[in-house]
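Reader: I'm new to reading protein models. Could you walk me through this one, a question at a time?

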Amino acid sequence: MKIALGPLLYYWPRQSTLAFYADMADAPVDVVYLGETVCSRRHELRLPDWLEVAEILTAAGKEVVLSSQVLVESESDLKTLRRIVSNGNFRVEANDMGAVRLLSSGDAPARNWIAGPTLNIFNPTTLDLFADLGATRWVAPPEMSRAQIAALRDGLGHDMEVEIFAHGRLPLAYSARCFTARHYNLQKDTCEFRCLEFADGIPLKTREGAPFLTLNGIQTQSAQVHTLLGDLPAVCAEGVDLLRVSPQGAHTPEILQLFRQALDGLIPPADALHEALPLLPAEPCNGFWHGRPGVEQRVPS
Amino acid sequence: MTSPRPIELVCPAGSLPALKTAIDHGADCVYLGFKDATNARNFSGLNFDDKAMAEGVRYAHDRGRKVLLTLNTYPQTDNWQRWTGAVDRAAAFGIDAVILADPGLMAYARKAHPGLRLHLSVQGSATSYDAINFYHEHFGISRAVLPRVLSLAQVEQVIANTPVEIEVFGFGGLCVMVEGRCALSAYATGESPNCDGACSPGKHVRWEQTPKGMETRLNGILIDRFADGERAGYPTLCKGRFEVNDETYYAIEEPTSLNTLELLPELARIGVRAIKIEGRQRSPAYVSQVTQVWRAAIDRVLAGPAEPFRVEPAWMAELNKVSEGQSHTLGAYYRPWK
């Protein structure tokens, strides 16, 4: 079982971002997804910077993947997408169908790209179709349950690596509107890059003070931290190939360490979850894996 | 100056009476769904059984109008046959086009019913011409419905770079999230637009009068609280009031409707081929009012320069009456909205 570090969903200052990835060179992680997937206005690191980080991590023995932006709106978004697809060196995670088109057509279609979690692939017929177009790894939509993932895999006609979202605040929704800018009564075009102030996004609570969601620019996340640390025996039993850990504002290396140790049998998963709790920015949840509302925390089975 | 190209008016039909009302008041097309999770308005009391479907298709075709069938949720492994069965039934009923989101289902439809016209649903989240052309090259889609995220200039750019007809939302309840890319309802209730065809489903809703006011909850989560005299809206979870940094407000979106009536001449000029009216869950009275106004407005635009377009105050008044929260917005077409 490999551990993958998902793309950084937040907007951190340049030096923090570079320091974070420098730490990843020594962290127990096998695959690192890089790039800006949320907002095209974020530019602390531009593509050449990401490629430099990619070189460093590759030299440290990590498999590097470049992730494409989820919501593509403008011609300049498409230009960035084309540069990512034609980088010539690193595999690409396609996060919208425009990326799939660019990866799978042209003179030299890529034969080993990653079908990202926002492509909405929910059944084997559809995933087989993407396999024919060159996808060799599928990241399941976070809302899929254990039973749905298992059924899809059993019905698949191709060899395909399966990756699931195993840790982090759930990326639940994307919008043309920026909710961080809205909070500050700013327009998106002149947002003053307020996202830089929130390493874990901005908490949103109900009117009775219960944590509910997290505002992260145009993305809305769960308030609760989805984590399958306690569910690892079941995850392993389903033959999942990669576990995605989403970067959080602090303690990501420790979280990765706990996943590695639990997977290697060095600590029981229940203990790993217990040790992780004080490292999380909020309460845990795992409902989606159990076929329940995502917000729920179920006792691992 | 040449006259604008024809624009089709595509109206919602949640029931046979709504379908007939839409046709009677000038809809070029109606869109509807079967009574199950194969479409994104899977609400009890809505949609068409076989008998109503046969009658609805006959009613529309007798009057030279089209019927589009929404099959725009994503099938799972264990229910795949229900979706392919729905495609087969659509073909058998003589439906004019099916509106799909799942690529596997498109491949099925193309193979099993090569003559069946395919539209890409808004749930497909295709926001660029590259994304739309992907579906065109692989499945031969004829039309794509754009998510409500692009500016007018961006829509124009899409149209200029694809052979696929473009349909946009003109009026109705506004999803502030990119359609097909929202799992908020799944997170709160376990049921999502993508997989179950429902957002903030009624069976999870609770209305409760408390000393603090009328509270609306979704699966126990407080979505909003209304003071006496405030009009308590349905707890669609992105349209509640929440606390962010000790400030309580509509953090995601107000209860409001999209209304692009004033943009109609521009939409025609850039080559939009169809205007979609949201609201299969709304009453025949809503369908009647909205269809009449949009028919009149589209006819005015199609009349060309002889009759310059202007938004009649009466049109806006009629539309505001049936708008969510009695207010409207241009949504993403208006940059400050973002």
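This is a predicted model: local features need pLDDT of at least 70, side-chain atom pairs count only at pLDDT 80 or more; totals for chains, interfaces and linings use all residues.

Reader: Which residues of α5(B) meet α4(A)?

Author: Start on the α4(A) side, where you'll find A:M97, A:G98, A:V100, A:R101 and A:L102. By class, this helix contact has six nonpolar, two polar and two charged residues. On the α5(B) side, the partners are B:D130, B:A131, B:N133, B:F134 and B:Y135.

Reader: Zooming out, how many charged residues are on the side of chain B that touches chain A?

Author: The contact takes 55 residues from chain A and 57 from chain B. Elements giving two or more residues to the chain B side include α5, α6 (152-160) and β8 (177-182). Sorted by class, that side has 31 nonpolar and 17 polar residues, and the charged ones number nine.

Reader: What ipTM does the predictor give the complex?

Author: Let's take chain B by itself to begin with: its mean pLDDT is 94, and 99% of its residues reach 70 or more. For the complex, the predictor gives a pTM of 0.96 and an ipTM of 0.97.

Reader: How far apart are the centres of the domains of chain B?

Author: Chain B is divided into domain 1, which is 8-174 + 256-337, and domain 2, which is 184-249. In the contact, 11 residues of domain 1 of chain B go with eight of domain 2 of chain B. The domain 1 side of that contact has four nonpolar, six polar and one charged residues. Taken over C-alpha atoms, the separation of the two centres is 27 Å.

Reader: What about α1(B) and α10(B): at what angle do they pack?

Author: In chain B, α1 covers residues 16-24 and α10 covers residues 284-302, with axes 9 Å apart. The pair is roughly parallel, and α1(B) passes α10(B) in a right-handed crossing. Their packing angle is about 15°.

Reader: Which residues of α10(B) does α1(B) meet?

Author: From α1(B) come B:P17, B:A18, B:T21 and B:A22. This contact has five nonpolar, three polar and no charged residues. Across from α1(B), the α10(B) residues are B:P284, B:V287, B:S288 and B:T291.

Technical notes
Residues are numbered from 1 along each chain as its sequence is written. Chains are lettered from A and ligands numbered from 1 in the order in which they are written. pLDDT is the predictor's confidence in each residue, from 0 to 100. Domain bounds come from an automatic or database domain assignment. Two residues are in contact if their C-beta atoms, placed from the backbone, lie within 7 Å. Ala, Val, Leu, Ile, Met, Phe, Trp, Tyr, Cys and Pro count as nonpolar, Asp, Glu, Lys and Arg as charged, and the others, Gly among them, as polar. Helices (H or I, at least four residues) and strands (E, at least two) are DSSP runs, numbered from the N terminus. Axes are lines fitted to C-alpha atoms, for helices over the stretch in contact, and angles run from 0 to 180 degrees between N-to-C directions. Angles under 35 degrees count as roughly parallel, over 145 as roughly antiparallel, 65 to 115 as roughly perpendicular and the rest as oblique. A crossing is left-handed if the near helix is turned anticlockwise from the far one by less than a right angle, and right-handed if clockwise.
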